[in-house]
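Have a look at the sequence and the fold, and then let's set values against definitions.

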Amino acid sequence: MSLMMRPKQALYTLIDALAPYAQEIDEIIAAGVTDGFILRNDKEYANIYLLQAGYVNIRREPDGLVVATAFAPDVIGLAHYPGVEAHFYFELGPHCTLLSVARTKAVAQVNRHDLHREMMQVISFKMAFLYERDRAIQQSNANDIVLSMLKRFALIPREFRDTITVSRFIEQRTTLSRSSIQRVLSRLRQESVITLQEGFLVDTVLPSTRKYSISE
């Protein structure tokens, strides 16, 4: 898996411009908690969402496969067009702050502040991420898929890594069976490629020869 850098400056610029027009989501307020909360975008309005804290799993309809996990700060929904059926939904993590912006207001601010470049930087990054993800999970054997997922897992924020076991992370994002995942992880442990503690990743030395220290 190649290393892609998030366009953080573009994200901050967009969030700063859109935040004054954002509002809290009534359904989330009513629920009282965000962990596990399911949110579906209205295809007629296709709102844009500002993720200011926490993370959001973007799951595929209808099987619930995790296509991506968005971490704050992020802008979600830029590529969703009104009237088009959405083939995904959002699952919020704990202590998540997610605000909604009407697409008409968001577009008006992008035009007003000439933020088309920043918007395209974010959209291009997300498209590249999805292309890379598809390449990773459509490889010919379970070993290559698990290794690709391990590389991705090692690069995400530690506060998220500490909440999920490696096997669960891979199971949610691929079509591999649990037994296939466990078999590959067991072999990698025996070869000292990964170190697990109660299923959680402590350290890994990946075949690319780059070492990712998970315990720091």
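Q: What separates arginine 135 and glutamate 132 in helix α4?
A: About one helical turn, because the two are 3 residues apart in that helix. Helices (H or I, at least four residues) and strands (E, at least two) are DSSP runs, numbered from the N terminus.

Q: Good to know before going on: what kind of model is this, and how are residues numbered?
A: This is a predicted model, in which local features need pLDDT of at least 70 and side-chain atom pairs count only at pLDDT 80 or more, while totals for chains, interfaces and linings use all residues. Residues are numbered from 1 along each chain as its sequence is written, and side-chain values use heavy atoms, with hydrogens and water left out.

Q: What makes the contact of arginine 135 and glutamate 132 a salt bridge?
A: The term asks for a side-chain nitrogen of Lys or Arg within 4 Å of a carboxyl oxygen of Asp or Glu. Here the N to O distance is 2.8 Å, so the pair meets the definition.

Q: What about arginine 187 and glutamate 191: which class does each fall in?
A: Both count as partly exposed, arginine 187 at 30% and glutamate 191 at 45%. They form a salt bridge too, with the closest N and O atoms 2.9 Å apart. Elsewhere, salt bridges that share partners join Arg6, Asp74 and Lys126 into one network. The whole structure has 10 salt bridges.

Q: Why is helix α7 called largely enclosed?
A: Because 6 of its 8 residues (166-173) are buried. Among them are Phe169 and Ile170.

Q: What makes β4 a paired strand?
A: Two strands pair if DSSP finds at least two bridges between them. β4 (residues 55-60) has 5 bridges to β5 (residues 66-71) and 5 to β7 (residues 88-92), so both pairs qualify. Both pairings are antiparallel. Valine 56 has alanine 70 as its partner in β5 and leucine 92 in β7. Strand β4 is mostly covered, with 5 of its 6 residues buried.

Q: How is the lining of the second largest pocket divided by residue type?
A: Into 6 nonpolar, 4 polar and 6 charged residues. Ala, Val, Leu, Ile, Met, Phe, Trp, Tyr, Cys and Pro count as nonpolar, Asp, Glu, Lys and Arg as charged, and the others, Gly among them, as polar. A pocket is an open set of points on a 1 Å grid over the protein atoms alone, where a 1.4 Å probe fits, with protein on both sides within 12 Å along at least five of seven lines; lining residues have an atom within 4 Å of a point. Gln23 and Tyr49 are among the residues nearest its centre.

Methods: Buried means under 20% relative accessible area, exposed over 50%, partly exposed in between (1.4 Å probe, protein chains only).
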